[in-house]
Amino acid sequence: MTADVTNHPGTGLAVLFGSGDDLGAALAGVGLPDWIEKNVGGALGGLSPATRAAAAREITATVASLLNVNPVDVLVGGWREYKKITDAARATLAVAGSTELLALATHQISETLNPFVTVLVDDYRVATLQLSISIICDVQAMLARISAGRLVAVESGRCSVSVALAIADAEITSRTTRFDLPGAVSLGRGLRLLPAEEYPAAARTTSQESRC
């Protein structure tokens, strides 16, 4: 489940291009088709126009999939490694109905993904592209509400999100955006902060759904 936080940028794609933009047009605007032609065109030179176009579409589709990452999920993934948060989660899990408000110091959480695209023609590899997306979240003055071992609300805070897209170590585009949480923002049933096996059996299905 992706957290529904008001004013958050949505996905890496939205950070880079805006949520309403057409992906093809957006990637053309940052020069991706030109990059493909310059760096992969030689390997695809002997292929038919239709095959070259199909390869370009596959590369674009992979880029779109790579960018379908929610910065809020990156934050929660990082917080699951933060002892102060997991200790609070365990404390509220141990005492039914308890809640903890946890002030989070200024901190940074980052994630980098490195998939690759291989172009095959008649089972022969003609090109392989290494892709990379990095997401860096700088968090300030955030207050987390934790109950039943889950993050159930964020009371306040600011977060700057930087996203960069690179192919074969060449940066294609990057951008930074900021969103503020002016008041309490509910996360519905909450996002699981602990391993599934630590939750009561009856609650595991809900917890697993909340984490996805």
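Helices (H or I, at least four residues) and strands (E, at least two) were taken as DSSP runs and numbered from the N terminus. The structure is a predicted model, in which local features need pLDDT of at least 70 and side-chain atom pairs count only at pLDDT 80 or more, whereas totals for chains, interfaces and linings use all residues. Residues are numbered from 1 along each chain as its sequence is written, and side-chain values use heavy atoms, with hydrogens and water left out.

Two salt bridges were found, a salt bridge being a side-chain nitrogen of Lys or Arg within 4 Å of a carboxyl oxygen of Asp or Glu. One of them joins Asp-87 to Lys-83, with an N to O distance of 2.7 Å. These residues lie four apart in helix α6 (residues 83–94) and are therefore separated by about one helical turn. Accessibility was classed as buried (under 20% relative accessible area), exposed (over 50%) or partly exposed (in between), using a 1.4 Å probe and protein chains only. Lys-83 is exposed at 59%, while Asp-87 is partly exposed at 38%. Glu-198 and Arg-90 form a salt bridge at 2.8 Å, N to O. This pair links distant parts of the chain, 108 residues apart: Arg-90 belongs to helix α6, and Glu-198 to the loop between β7 (185–192) and α7 (201–211). Glu-198 is partly exposed at 31%, as is Arg-90 at 36%.

Strand β3 (residues 116–121) runs antiparallel to β4 and is joined to β4 by six bridges; two strands pair if DSSP finds at least two bridges between them. Thr-118 has Thr-128 as its bridge partner in β4. The two strands form a hairpin with two residues between them, and Asp-122 in the turn has a positive phi of about 55 degrees. Strand β4 (residues 124–147) also contains Ser-132, whose side chain makes a polar contact of 3.2 Å with that of Asn-114. A polar contact is a pair of N or O atoms within 3.5 Å; within protein, one must be able to donate a hydrogen and the other to accept it, and residues adjacent in sequence count only if both atoms are side-chain atoms.

No disulfides, defined as pairs of cysteine sulfur atoms within 2.5 Å, were found. For Cys-137, which is in no disulfide, the nearest cysteine sulfur is that of Cys-159, 4.6 Å away. Cys-137 is buried at 0% relative accessibility, and Cys-159 is likewise buried, at 1%.
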